[in-house]
Amino acid sequence: MFPNSLIIISLDYCGILLSIDKRQQIPAQFNKILIVGLGQLGLPVAKYVKERGFDAYGYDISPKAMDRAEKTAAIKKATDFGEFDVYILCVSTHKPEDMFSPQIDGLFSIVERISKEAKNGALVSIESTIPKGTSKKVFEMLNHRLHVAHAPHRWYALEEKEHGVNQLRVVGGVCNCCLKVALQFYDGSSTNNGILSDHSTPASTIIDDNNSNNNSNNSSVTHHITSTGDTIDISLPTPTPTSTSSSTSTTISLGIPMHPVSEVEVAEITKIVENADRYLQISFAEDLYLYCQANNINFGELREALNTKWNVNILEPRDGIGGHCLPKDTRMFLQSSKSIRSKIIQAAMEVDEDYRRYRESREGRGVGIGMGIGKQRSKEGAHLFSTSFNLSEDIEDK
């Protein structure tokens, strides 16, 4: 069931003491997959996993969400959390009563259940957006007996084909073995896609792959994680799929191109910084709009002129910054460091508040927020304009 694939230099593998010659056990194949959280992100993930030929199960605290997944995608309901090879966590990470505020209590409650019911060596992949340090906390909660990786999704609901489940994504593991298993599951059947990542790796965690390709029947997927003067190869054996008597999959991986990083915190920060960057772009557009209003300049004409330059893309402010993700994830980034707080992010939040107050005052007088200045609109027209597009939809996530 498990190939002889790796020699561990470190004496500690996911909490289990190993001798220097002990062979690390990495699953040759993933069959039974559980997607936890079947909302806007989890349901497309579950559909994709099933389409790839895996035995896909789903779980959600909402009966409606579970019924929808079963009816629209034939996702089987999970009655327990035992005997799964992979757990993909797509749960919400905001407060139920306030989507702008981060909270991961729901994620931890799921992890507690996995810890009680899951088999040793399974993979827990967190796709939800999480604060820095969460993955290692999850690893501790699982008593070091499961692999833990963070593969934050990149999702744009309005362009699901181009920016859906299977676009290039970042992945990090709590340990090197966790990263290896995650890479095998996500893109084990692809090449390394030329992905190079510069990070330092402690000597105690270096994995020697000299014996990983002894089996001539196995091909391998190699990702290079380079540090100063050194190169660490992450080579995964790709076993020949075997037929089974059940409906389980012989698909080797999800076939998703991944960009591996050597520290799981890098993966955690990547996602929240992506959304913080988007927050800044929108807030600058809001700030520029307010500037134009104060100085009798036509914002729409100025924006059009600016965007003729190849490396300039001024957005339209419109409804401001809302939705599930941008405010929440930007706050996660702001709170990710105790020693330094981003001044530019704090200023951007103030700009968004000023812009919203300005909108409210204009709409209260029946004046629309157009791209020019001083353009009177009816209340109905202002409403149609404000609901026609929401910048929060640019990056929807959990």
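By a salt bridge I mean a side-chain nitrogen of Lys or Arg within 4 Å of a carboxyl oxygen of Asp or Glu. With that rule, Asp67, Glu70 and Lys77 are linked in a network, and the count comes to 13 salt bridges. Please keep in mind that this is a predicted model, in which local features need pLDDT of at least 70 and side-chain atom pairs count only at pLDDT 80 or more, while totals for chains, interfaces and linings use all residues. Residues are numbered from 1 along each chain as its sequence is written, and side-chain values use heavy atoms, with hydrogens and water left out.

Asp55 forms a salt bridge with Lys76, their closest N and O atoms being 2.4 Å apart. Asp55 is buried at 11% relative accessible area, whereas Lys76 is partly exposed at 32%; here buried means under 20%, exposed over 50%, and partly exposed in between, with a 1.4 Å probe and protein chains only.

Turning to the interior, a nonpolar core is a set of buried Ala, Val, Leu, Ile, Met, Phe, Trp, Tyr and Cys residues joined through side-chain atoms within 4.5 Å. The largest such core has 66 residues, of which Ile35, Tyr87, Leu89, Ile114 and Phe185 touch the most other members. Its largest share, eight residues, comes from helix α5, residues 176-187, helices being DSSP runs of H or I with at least four residues, numbered from the N terminus. Since 12 of the 12 residues of α5 are buried, this helix is largely enclosed by the rest of the structure.

Terms used: Helix = DSSP H or I, 4+ residues; strand = E, 2+ residues; numbered from the N terminus.
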